[in-house]
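Me: I would like to go through this model term by term, asking for each label what value stands behind it. Please set each value against its cut-off before you conclude.

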Amino acid sequence: MRIGVCYFCSSPIYPGHGITFVRNDSKVFSFCRSKCHRNFIKKRNPRKMKWTKAFRRNAGKEMTVDSTFEFEKRRNRPVKYNRELMATTLRAMKRVVEIQEKRKEMFFKMRMRAHKATQREVIKAEIKRGIELLAPPAADKEKAIALATSKMAARQRILSETRAGVEAMEQRHGKGTRDYGKVDGKMQN
């Protein structure tokens, strides 16, 4: 079973899914859904459509250079079946996916780290603009600003801890299982 790649958005195409378009010069284009096929027919550039992987890579939102991408290249050379070789290949594939996920996560964290400083500046500017709403005009503005920024930081910290707790629970119980109080599909009293 071979999983293809959409020509337009680079998402996976599973067997029996998608649209295959063959041009007059015998070049074959595979699309995951009609949305990609329509955009291709309209001669739209995938690098300008924000929902495609080409745009995300071009805009620096996803990794473009990584050694794990070498393993995804298509190899058409036939290999004689060997049980041990297949077992090691499957183990290696799992390991490559794990490494790739860790690297993507690190890339995202590094990308978001640059935005934290600008977010802090935006919050401080917003607080300075509406300081009269937070504290009476006669009060010390410096103390009010410090108090408001500490409250905002505490709120963001609590929000991130809550998200981390939900993600940990989803990892333990499996993604998408939000039936915490249910037994056999029915709520407990």
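**Labels and the values behind them**

Reply: The secondary structure of the protein comes to 5 helices and 6 strands, where helices (H or I, at least four residues) and strands (E, at least two) are DSSP runs numbered from the N terminus. From that terminus on, the elements follow the order β-β-β-β-α-α-α-α-α-β-β. The model is predicted, so that local features need pLDDT of at least 70 and side-chain atom pairs count only at pLDDT 80 or more, while totals for chains, interfaces and linings use all residues. Residues are numbered from 1 along each chain as its sequence is written, and side-chain values use heavy atoms, with hydrogens and water left out.

Me: Why is Asn39 called buried?

Reply: Buried means under 20% relative accessible area, exposed over 50% and partly exposed in between (1.4 Å probe, protein chains only). Asn39, which lies in helix α1 (residues 34-41), has a relative accessibility of 6% and therefore counts as buried. Of the 189 residues of the protein, 16% count as buried.

Me: Which residues of β4 lie on its covered face, and which on its uncovered one?

Reply: In β4 (residues 28-31), Phe29 and Phe31 make up the covered face, whereas Val28 and Ser30 make up the uncovered one. In a regular strand the side chains alternate between the two faces of the sheet.

Me: Why is Ser26 called exposed, but Ser10 partly exposed?

Reply: Ser26, in the loop between β3 and β4, has a relative accessible area of 58% and is therefore exposed. Ser10, in the loop between β1 (4-5) and β2 (12-13), has 25% and is therefore partly exposed. Phi is positive in Ser26, at about 70 degrees, although this residue is not a glycine; in Ser10, also a residue other than glycine, phi is positive and near 70 degrees.

Me: What makes up the lining of the second largest pocket, by class?

Reply: The lining has 7 nonpolar, 6 polar and 11 charged residues, where Ala, Val, Leu, Ile, Met, Phe, Trp, Tyr, Cys and Pro count as nonpolar, Asp, Glu, Lys and Arg as charged, and the others, Gly among them, as polar. Helices α3 (83-129) and α5 (141-173) each supply at least two residues of this lining, and α5 gives the most, with 12 residues.
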